[in-house]
Amino acid sequence: QPNYGFSLTALVKNCAQFQGFTLIEILVVISLLALLTALMTPNLQHGNPVVDLEQRAKALASLINQARTLAITHRKRVFLCGAAPDGELFLEDNLNRGVPCDRQGGWHNGIQVVIDQDRNQQPSAEDEVVLYQPADSERVVISWRGFRGRERIDFLPSGSTHWQNGRFTLCSTNDASLHRDVIINAAGRSYISLGTSSRCAG
């Protein structure tokens with residue numbers, strides 16, 4: 001019988017000597033791949049105006065929902081307003097820093113959520129800033145237009161707005177044709193729409 005060099009005994013020995021990857025080694029590799037992906041994704045997305053706009057719109061909608069929830073849970077009026085020039089400092093120290101909201105109604109210094117602690121129904125030095133979202137004016141410009149013409153949104157303890165349904169318009173600074181609206185209805189709920197380019201022109 002011809003011998004082709006095949007030996008079942010040798011094959012079994014070779015298989016016995018072969019060692020595969022351990023579970024720990026596999027987990028380490030997966031972790032490294034996940035870390036590299038997480039590090040690379042922002043770099044790939046950075047500078048993409050569509051991604052910037054979507055992320056900013058979602059962050060704003062989330063902040064609006066948090067403001068509404070705070071009004072319900074604290075049973076107090078909550079203001080969503082443009083931050084004063086030193087708005088970020090209010091979050092760290094709420095004591096005697098003046099009115100936390102931008103007196104001119106601007107949104108370029110960031111957005112704040114303020115609890116009406118003194119119950120005077122308007123932002124004041126005694127109120128508490130609980131949330132702050134920094135501005136990203138280099139990539140996205142935000143404006144607000146609402147019923148009753150106020151430059152802030154008041155959430156009542158019921159969660160509804162004080163008859164202030166309206167919309168935030170987010171315009172990309174890189175492409176005037178890119179825009180999103182974050183719309184707030186009278187019940188205080190928000191949703192994102194594609195927006196109207198006429199408010200972003202120029």
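Contact, as used below, means heavy atoms within 4.5 Å. The model is predicted: local features need pLDDT of at least 70, side-chain atom pairs count only at pLDDT 80 or more, and totals for chains, interfaces and linings use all residues. Residues are numbered from 1 along each chain as its sequence is written, and side-chain values use heavy atoms, with hydrogens and water left out.

**Exercise 1.** Determine which residues F168 is in contact with, leaving aside its neighbours within four places in sequence.

*Solution.* Step 1. The contacts of F168 include the aromatic residues W107 and W144. Step 2.

**Exercise 2.** Find the aromatic pairs of the whole structure and describe each of them.

*Solution.* Step 1. Rings of Phe, Tyr and Trp (its six-membered ring) pair if their centres lie within 6.5 Å; planes under 30 degrees apart count as stacked, over 60 as edge-to-face and the rest as tilted.

Step 1. W107 and F168 are edge-to-face, at 5.0 Å centre to centre with 85° between the planes. Because W107 lies in the loop between α4 (87–92) and β2 (111–115) and F168 in strand β6 (residues 166–172), this pair ties together parts that are 61 residues apart in sequence. Helices (H or I, at least four residues) and strands (E, at least two) are DSSP runs, numbered from the N terminus.

Step 2. Buried means under 20% relative accessible area, with exposed over 50% and partly exposed in between (1.4 Å probe, protein chains only). W107 has 6% relative accessibility and so counts as buried; F168, at 0%, also counts as buried.

Step 3. W144 and F168 form a tilted pair, 4.7 Å centre to centre and with 45° between the planes. W144 belongs to strand β4 (residues 140–146) and F168 to strand β6, so parts 24 residues apart in sequence are tied together.

Step 4. W107, W144 and F168 form one aromatic cluster.

**Exercise 3.** Identify the residues that touch the most other members of the largest nonpolar core, and the element with the largest share of this core.

*Solution.* Step 1. A nonpolar core is a set of buried Ala, Val, Leu, Ile, Met, Phe, Trp, Tyr and Cys residues joined through side-chain atoms within 4.5 Å. Step 2. The largest core has 25 residues, of which L80, F168 and L170 touch the most other members. Step 3. Elements that each supply at least two residues include α3 (49–74), β1 (78–82) and β6. The largest share, nine residues, comes from α3.
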